[in-house]
Amino acid sequence: MASTEVTAPGAGAAARPVKVAAMPSARRITWLTMCFMTVSAVASIRNTPSMAVYGLACIFLYALPAIVFLLPTSLVAAELASGWDGGVYNWVRQGITPQAGFLAIWTQFAMTLTYYPSLLAYVAATLAYIFMPSLASNGYYTAVVIIVVYWVSTMVSMRGVALVAKLSSSSMLLGTAIPGSALVVLGVIYLIQGNPSSAPMNAAALLPQFAGLASLVLIVNNFLSYAGMEVNAVHVKSMKDPAKEFPKAMFLAMALVVIIFVLPAVAISWVVPAKELTLTAGVMQAFTAFFAHFHVAWLTPILGIMLITASLGGMMAWLAGPSKGLLQIGRQEGYLPPFFQKVNEHGIQVNILFAQGAIVSVIALLFALLPNVQSVYWIFSVITTQVYLIMYVLMFIAAMRLRKSQPEHPRGYRAPILPVLAIVGLVASGLAFAIGFVAPSQFGGGSPVVYFFMILGGVVLIGLVAPFVFLKLRKPSWKEAVPGPDDAGQA
Amino acid sequence: MAVQEKSPTWIYVVIVVVIVALMVAGVAVRKHERNNREAHVKAQELIAKFEAAGLKAPDEATVVELFGTDGGAFAADPGSSLLQAELAAQYGDPGPASRSVIIDKDLLRAGVIILEVYAPQKLAAYQEFLKGLKFGETQ
């Protein structure tokens, strides 16, 4: 791809040459690749056995969140991406204010900072399970795996969005679709052989036992299983006809995500009794128990590598998404210093990725090496998830406002009953936010009031104070008048 | 996969080679020595303890496959806060925006019996971990 060096006008003395790639071909990502990339960012079969313990009721546990969260987020994102490029920051920027647009993309970006270390710790633990279980508790090993894998993934993602799209969508096929299908096929074979299902398969089993707060937390937390459907909308300009293709990708992705969560879990519940699954002492062990029923336990390490592949593919989709949104609004509104606006010859926001990598590395080292951090790390995940929910609230509000403020703006797709969808999505996001203040198991017998204020303090600090500091420090000279590789033509 | 921009082939080749190599190595290093008499004796002991506790145990071959002679991955270091963090996290949503849930009271208690059989010297640390958790009922 050709590239050229330009100097941002208005940058004054601080102006530095910004290497800007020539406008890339618009025909880079097909709708099917976008669909698979989205599925890769959202769904996996990693924790399938932990949902299989609920048997047929896991259909309910995923269907209800699909109706109240997946459907609104996907259809609203489909409409917005079919009318405006740039992803969530631009939707909120257009629908509310530029400051709110920055807040939206910041909250999405901030969530990923705690997601990567925990995802890569899972990768390290799974590799250890396969090759040397005693390594799983070794902090140095975990730290090395996290740092090496993270930076290799970052370097690969710096080679352009097309490569990321290809890798993340392929990893979804290899690490989620194929093993998920294999689990379902084995489950069906088990039934065809005349074995009775281990889990009750009658209408009464469709509803989970509602046993109070723990059940409510389980159900509402499952809303978040579908978080991230909007993340790849930032790449719509890389599609040939995003107005038509992005909604098509969203529709198929919605169906695939639900299928991936539900069918393998049900298949496992046919074969391994729920009570037995709980006795296997871990998710990989539960997969081993499943394969042992078919005398193919040797497949476990192969499955483990597939799950790792899917996890890394999903991570790459996230690496490429929020940071790009941050770059775009940073350039357009001058919210980021010129240093962070630098892109490489592939149009990738290299300095944002380097800064992100430095932060993730520090967090990962603390997590891997300090037992005190390991014990409380889940709190950071809760806080950043709460922060991320702010983005959904802004997205739904923006969608409703854009219908009123820009009713004639061309959209390739108009979501049916959008106000209803947006309100349902808002209520679901609000409920998920509220449940985030209920202490999980790890908080033990601690005070709920202390927990509430701890989470609230974290949300205010990361979700509001941090972006406010960026907005406060911004300078007019930071506003990038020269469009970046994908900025031209922002509606 | 139809991404219509040329990407360097060597990256795909390296990735495919690494994935295949890891799969082959993973299958190759599976511990076959776990399927011995000691593993079967311990499996029978575990199954008896599960049944005495009113729990449905996996069959003997599966128990041997899972826990071998030493309790496998679970019993390696149940006192490690790194492992405990992983263990507690696996019951929530695994994706982005994941957060912990209130774990069902049944989900971690099997660990006590497993450690009684395979690594009794590590039981105290696991029980200490369980003592610090709050449990609920979801099934």
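What percentage of the 491 residues in chain A is made up of buried residues? The model is a predicted one, in which local features need pLDDT of at least 70, side-chain atom pairs count only at pLDDT 80 or more, and totals for chains, interfaces and linings use all residues. Residues are numbered from 1 along each chain as its sequence is written, while chains are lettered from A and ligands numbered from 1 in the order in which they are written.

**Exercise 1. Describe chain A as a whole.**

Step 1. A residue is buried if 20 or more other C-beta atoms, placed from the backbone, lie within 10 Å of its own, exposed if 12 or fewer do, and partly exposed in between. By this rule, buried residues account for 62% of the 491 residues in chain A.

Step 2. Helices (H or I, at least four residues) and strands (E, at least two) are DSSP runs, numbered from the N terminus. Chain A contains 17 helices and 2 strands.

Step 3. The radius of gyration is taken over C-alpha atoms, and the globule rule is 2.2 Å times the number of residues to the power 0.38. For 491 residues a compact globule would have a value near 23 Å, and the 22 Å of chain A agrees with this. The C-alpha trace of chain A spans about 75 × 50 × 50 Å along its principal axes.

Step 4. Two residues are in contact if their C-beta atoms, placed from the backbone, lie within 7 Å. Of the contacts in chain A between residues at least 6 apart in sequence, 83% join residues at least 24 apart.

**Exercise 2. Describe chain B in the corresponding way.**

Step 1. Chain B has 7 helices and 0 strands.

Step 2. Its radius of gyration is 20 Å, whereas a compact globule of 139 residues would have one near 14 Å. The C-alpha trace of chain B spans about 60 × 40 × 25 Å along its principal axes.

Step 3. In chain B, 45% of the 139 residues count as buried. Among its contacts between residues at least 6 apart in sequence, 63% link residues at least 24 apart.

**Exercise 3. Characterise the contact between the two chains.**

Step 1. Chain A contributes 86 residues to the contact and chain B contributes 63 residues.

Step 2. On the side of chain A that touches chain B, the largest share, 9 residues, comes from helix α15 (residues 371–405) of chain A.

Step 3. For the composition, Ala, Val, Leu, Ile, Met, Phe, Trp, Tyr, Cys and Pro count as nonpolar, Asp, Glu, Lys and Arg as charged, and the others, Gly among them, as polar. The residues of this side of chain A comprise 44 nonpolar, 36 polar and 6 charged.

**Exercise 4. Determine how helix α14 of chain A is placed.**

Step 1. The expected span of a helix is 1.5 Å times one less than its number of residues. The 20 residues of α14(A) (residues 350–369) should therefore span 28 Å, in agreement with the 28 Å between its end C-alpha atoms.

Step 2. The buried residues of α14(A) are Ile352(A), Leu353(A), Gln356(A), Val360(A), Ala364(A), Phe367(A) and Ala368(A). They cover an arc of only 115° around the axis, so they lie on the same side of α14(A); the arc is that of the directions from the helix axis to the C-beta atoms. An α-helix has 3.6 residues a turn, so residues three or four places apart point the same way.

Step 3. Ala358(A) and Val362(A), on the other side of α14(A), are exposed.

Step 4. The cover over the buried residues of α14(A) includes α5 (98–131), α6 (139–157), α12 (299–320), α13 (322–333) and α15 of chain A.
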